[in-house]
Amino acid sequence: MCGIFAVIGSREVSSILGDGLRKLEYRGYDSAGIATIENLNNGQFGKLNIRKSEGKLINLTNLIKKKPPKGHVGIGHTRWATHGKPSEINAHPHLDFSGQIAVVQNGIIENHRTLSEKLQLQGIKFTSETDTEIIPHLISLEIEKSLDCGLSPNGQTLLTAVQKVLSILEGTYAIAVIWSQAPDTLLVARRQAPLVLGFGEGEFFCASDSPALVGFTRTFLPLKDNEVALLTPLGIELYDDFGNRQHRAPSFLKGTELFADKRNFRHFMLKEIYEQPETAQLWIDRFLPMDLPKDNSVALPISKSMLGKIEQIQILACGTSRHASMVGAYLLEQFAGIPTKVYFASEFRYSPPPLSPNTLTIGVSQSGETADTLAALRMEKERRDLTKDSDFSFHQLGITNRIDSSLSRELDNIIDIGSGIEIGVAATKTFLGQMLSFYGLTLLFASHTQKRSHQEISKLSDDLRLIPKQLTDLIKRHDSLSKEIAHLFVDTKDVIFLGRGINYPIALEGALKLKEISYIHAQGYPAGELKHGPIALLDQHVPVVSIAVPGLVYEKVLSNSQEAKARDARLIGIAPHGSESEIFDELFSIPKVSEWVSPLLTVIPLQLFSYHIAAHKGLDVDQPRNLAKSVTVE
Ligand code: F6R
């Protein structure tokens with residue numbers, strides 16, 4: 001989704017803006033732009049310089065290099081189109097009618113139509129199709145009123161105008177604003193879209209995501225909802241919704257994990273697939289070490305008092321996170337005996353089930369910024385708070401890869417999956433980290449409910465401890481096999497993925513990965529559903545990928561796969577090597593593991609299969625068209 005990067009200080013900022021935007025590139029975008037204020041008349045006032053371009057950031061950075069805009073303050077933006085197609089005109093920053101105010105925005109202004117109609121009636125002409133353009137016009141009108149009343153053109157005047165405008169905006173947003181008549185001021189604000197301030201030496205920054213600050217500063221302060229910050233080269237003033245000055249100490253960004261480096265891999269996605277054994281090992285070292293105290297099945301940060309109150313679980317998530325949650329729900333119900341339902345966060349918000357007592361609500365989001373998931377969680381909290389009945393209290397848990405995200409700030413209990421930053425838009429190692437967190441919760445609930453014997457719990461833990469080594473072997477083998485066969489699928493238009501039981505969500509995830517990065521239409525089904533409709537699609541041009549793991553539904557999946565083969569479909573198996581696997585035209589063999597832990601392995605060939613097809617087609621694997629890493633609009 002859109003990324004904002006802004007800076008104010010005492011040196012030229014145009015190349016800093018370019019560097020900052022590059023660090024936000026992984027979030028996804030289709031155009032980009034910057035605005036700076038060139039100081040004139042000894043800093044009394046200045047001139048706005050704008051550079052914008054459609055497409056990749058390199059187009060903008062080349063433009064900046066060719067004609068560097070001057071200025072010690074600037075705002076930058078990578079746009080992911082919501083209102084108006086990707087084009088230079090719709091790219092941010094947007095200017096007011098006087099050409100003195102520039103604004104970048106991430107979010108959606110829901111009442112923009114009403115506001116723009118009013119502005120047009122006042123004779124204001126719009127140049128773009130965006131919802132953002134109303135903001136600079138509205139700020140400009142407020143400033144005109146203040147100047148008419150005799151106020152001076154300075155940062156405080158801009159602050160007051162911005163505060164007034166924000167009070168009439170509906171929706172979610174993060175904005176950064178500059179005004180040529182206040183060249184030593186940068187104004188930023190947020191409502192339910194992420195924005196982080198950075199404290200440098202003699203300069204201050206603002207970005208949509210903390211990794212964009214690395215390399216400039218490690219001292220950062222996330223803005224809270226509805227806060228406005230006024231940045232000058234000398235410092236930052238923070239204000240709440242009511243205009244009250246706020247004082248909070250910044251934090252320090254830890255770790256080297258925020259430095260994204262492709263190492264020798266061709267794409268981040270491949271590197272991240274290869275990092276999964278490490279993700280699993282780190283998770284095991286943290287949560288499932290060999291020396292756990294006797295009465296602890298897992299070292300998750302969840303209090304026993306909360307566990308005692310939980311009779312059922314509901315999980316809210318989107319996309320890949322939802323698939324990890326579905327594996328989790330299977331484990332929590334079938335292994336630990338806790339009724340669990342998974343909801344599309346975007347649906348839950350507008351059609352929630354009737355309130356159930358003693359329910360744990362889990363929000364799952366690798367970015368921790370997904371607007372649908374955050375909104376659904378907020379809605380659930382609100383309606384539970386309203387009942388005032390303690391049986392209906394909001395017991396909450398977040399599972400995320402970003403401990404510095406909105407999700408982490410808004411929920412009291414968090415499992416940090418600790419996968420390290422993921423740059424590829426298609427989630428891989430964070431999917432594994434999310435599933436592992438659900439294995440942890442399953443061990444916890446299973447020992448709490450005593451649904452499983454001590455031996456069964458120990459067996460699951462021991463199987464999990466073997467996963468990192470198994471992943472290493474699997475990735476190596478399947479990387480070469482998928483590379484070898486990728487060319488067979490380059491012209492494929494449709495692929496069907498089949499799985500059952502605990503591997504049904506993996507079929508969904510395999511289909512999603514293929515769609516996202518190779519643009520091949522793919523659909524995942526529970527294998528038993530094939531004969532109820534999708535089988536009509538099958539012929540020699542529609543390959544079927546079938547996940548068949550020995551266990552409860554092994555024979556059934558094999559028969560469902562046979563049904564596909566009988567319709568001439570090319571059959572690709574994710575299954576252990578053996579006489580049964582001879583039905584497959586291609587086999588991604590997996591070790592004979594317990595069905596419970598199998599999703600941690602069966603997903604690997606599917607990730608590599610999608611990756612190599614997309615790479616073979618020469619597609620932009622890490623930044624597939626139309627997608628964003630952090631989906632901050634509903
Ligand atoms: C798929 C993918 C998306 C995300 C979804 C939710 O590879 O990455 O489907 O899973 O947008 O994102 P998070 O997990 O950040 O809430």
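This is a predicted model: local features need pLDDT of at least 70, side-chain atom pairs count only at pLDDT 80 or more; totals for chains, interfaces and linings use all residues.
Colleague: Which residues come nearest to the ligand?

Modeller: Of the 15 residues around the ligand, these are Ser321, Ser365, Ser367, Thr370 and Glu516. A residue counts as near if one of its heavy atoms lies within 4 Å of the molecule.

Colleague: What lies 2.5 Å from an oxygen atom of the ligand?

Modeller: A polar side-chain atom of Ser321 does. A polar contact is a pair of N or O atoms within 3.5 Å. A polar backbone atom of Thr320 is 3.0 Å from a ligand oxygen atom, and an N or O atom in the side chain of Lys513 is 2.9 Å from a ligand oxygen atom.

Colleague: Which residues of α9 and α15 meet?

Modeller: From α9, Gly319, Thr320, His323, Met326 and Val327 meet Tyr504, Pro505, Ile506, Leu508, Glu509, Leu512 and Lys513 of α15. Contact means heavy atoms within 4.5 Å. By class, these residues divide into seven nonpolar, three polar and two charged. Ala, Val, Leu, Ile, Met, Phe, Trp, Tyr, Cys and Pro count as nonpolar, Asp, Glu, Lys and Arg as charged, and the others, Gly among them, as polar.

Colleague: How are α9 and α15 arranged?

Modeller: Helix α9 (residues 319–334) and helix α15 (residues 504–518) pack at about 165°, with axes 8 Å apart. Helices are DSSP runs (H or I, at least four residues) numbered from the N terminus, and axes are lines fitted to C-alpha atoms over the stretch in contact, with angles from 0 to 180 degrees between N-to-C directions. That makes α9 roughly antiparallel to α15, a term for angles over 145 degrees.

Colleague: Moving on, at what angle do α3 and α4 cross?

Modeller: Helix α3 (residues 112–121) and helix α4 (residues 134–148) cross at roughly 50°, their axes coming within 10 Å. The two are therefore oblique to each other, the class left after angles under 35 (roughly parallel), over 145 (roughly antiparallel) and 65 to 115 (roughly perpendicular) degrees.

Colleague: Which residues make that contact?

Modeller: His112, Leu115, Ser116 and Leu119 of α3 and Ile134, His137, Leu138 and Leu141 of α4. Five are nonpolar, three polar and none charged.

Technical notes:
Residues are numbered from 1 along each chain as its sequence is written. Side-chain values use heavy atoms; hydrogens and water are left out. A polar contact is a pair of N or O atoms within 3.5 Å; within protein, one must be able to donate a hydrogen and the other to accept it, and residues adjacent in sequence count only if both atoms are side-chain atoms.
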